[in-house]
Amino acid sequence: MEFRGDSWPNWTGCDRLAARYDDEVLSSFDSDLSGAIERCLDGLAGPDKTVLDLGCGVGKYLAGLAERFGRVVAVDHSEKLLEIARRDHGERRNVEIRRLDASDGRAVRGVRAHVVVCANVVIMADGELRDAILQVARKSMKRDGRLVLVVPSLESALLAQRRLAEWHERDGAEAPEEDAEEEGLAPSKRTCRELLRGVVRIGDVPTKHHLADELLLTLRRAGLDLEELDRVHYPWESEFGDAPHWMRDPYPWDWLAVASRRR
Ligand SMILES: C[S@@+](CC[C@H](N)C(=O)[O-])C[C@H]1O[C@@H](n2cnc3c(N)ncnc32)[C@H](O)[C@@H]1O
């Protein structure tokens, strides 16, 4: 049983990760089993509209955004990831790619977006940094704009742990729970404390996972109202490289939240 911890986004080492990005980081846009992200964007897009891709990484969303919106501004603090985004999407006439560190909480210069996409960016363990990035999103939106936020689900991480135990049980293990713990969330004082904060180690990277209702509260605190909450489902192979064929739905997921600016 191969627990694919190291395949999850490592935001801290993004520059270092650039060369191996496709192998290491799951693309929510490309792996979305039921097309929830594209459906959501279809409902919000338009040729006269501007979209900001906040924390664009190598630009996995850019082709889809460029097709749907009149103007696309993509920002990220990792110069190495931006190099790849520029190589792959720099020629698109309606796409503008800029370096920006969103930790200062300030609006993106010259942008009042109809839609801000922020996909798997507010995933760091540092809550103040997550809040600052949400402020950048809020301040860069038009008054009637929308934020499309994709974040890891804590419920899904716990479900993955249950499925790992089920897998060991089906394989006839004597102590399936213990085996699953060793490979999965591996309880220790430290990991339990992190888990209480919704932080789960992916590989060795502490990654914030959100409860549905916690997301509502987080957005509210940032001056944003949650309007819709959907799921982006992924195949089980995104969690376990060698997931058995019987492991089907319910699939693991990220939350897909649509929020508006509080008036
Ligand atoms: C897991 S990647 C997701 C990339 C892209 N949104 C996607 O879904 O394919 C997280 C991205 O957030 C960016 N990021 C993290 N902190 C940031 C900050 N303070 N300012 C700008 N970008 C940041 C990282 O550089 C990285 O590209």
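The largest pocket holds about 530 Å³ of space. A pocket is an open set of points on a 1 Å grid over the protein atoms alone, where a 1.4 Å probe fits, with protein on both sides within 12 Å along at least five of seven lines; its volume is the space filled by probe spheres set on the points, which are joined across faces, edges and corners. The model is predicted, so local features need pLDDT of at least 70 and side-chain atom pairs pLDDT 80 or more, while totals for chains, interfaces and linings use all residues. Residues are numbered from 1 along each chain as its sequence is written, and side-chain values use heavy atoms, without hydrogens and water.

**Pocket lining**
- The lining has 34 residues (an atom within 4 Å of a point), and Gly 55, Gly 57, Asp 76, Asn 120 and Val 121 lie nearest the centre.
- Helix H1 (14-17), strand E1 (46-54), strand E2 (69-76) and helix H7 (127-139) each give at least two lining residues; helices (H or I, at least four residues) and strands (E, at least two) are DSSP runs numbered from the N terminus.

**Cysteines**
- The disulfide count is 0, a disulfide being a pair of cysteine sulfur atoms within 2.5 Å.
- The closest cysteine sulfur to that of Cys 40 belongs to Cys 118, 13 Å away and too far for a bond.
- Cys 40, at 14% relative accessibility, and Cys 56, at 8%, are both buried (under 20% relative accessible area, 1.4 Å probe, protein chains only).

**Arg 87**
- Arg 87 lies in helix H6 (residues 79-89) and is exposed at 60% relative accessibility, the cut-off being over 50%.
- Its side chain makes a polar contact of 2.8 Å with that of Asp 88; such a contact pairs N or O atoms within 3.5 Å, one able to donate a hydrogen and the other to accept it, and residues adjacent in sequence count only if both atoms are side-chain atoms.
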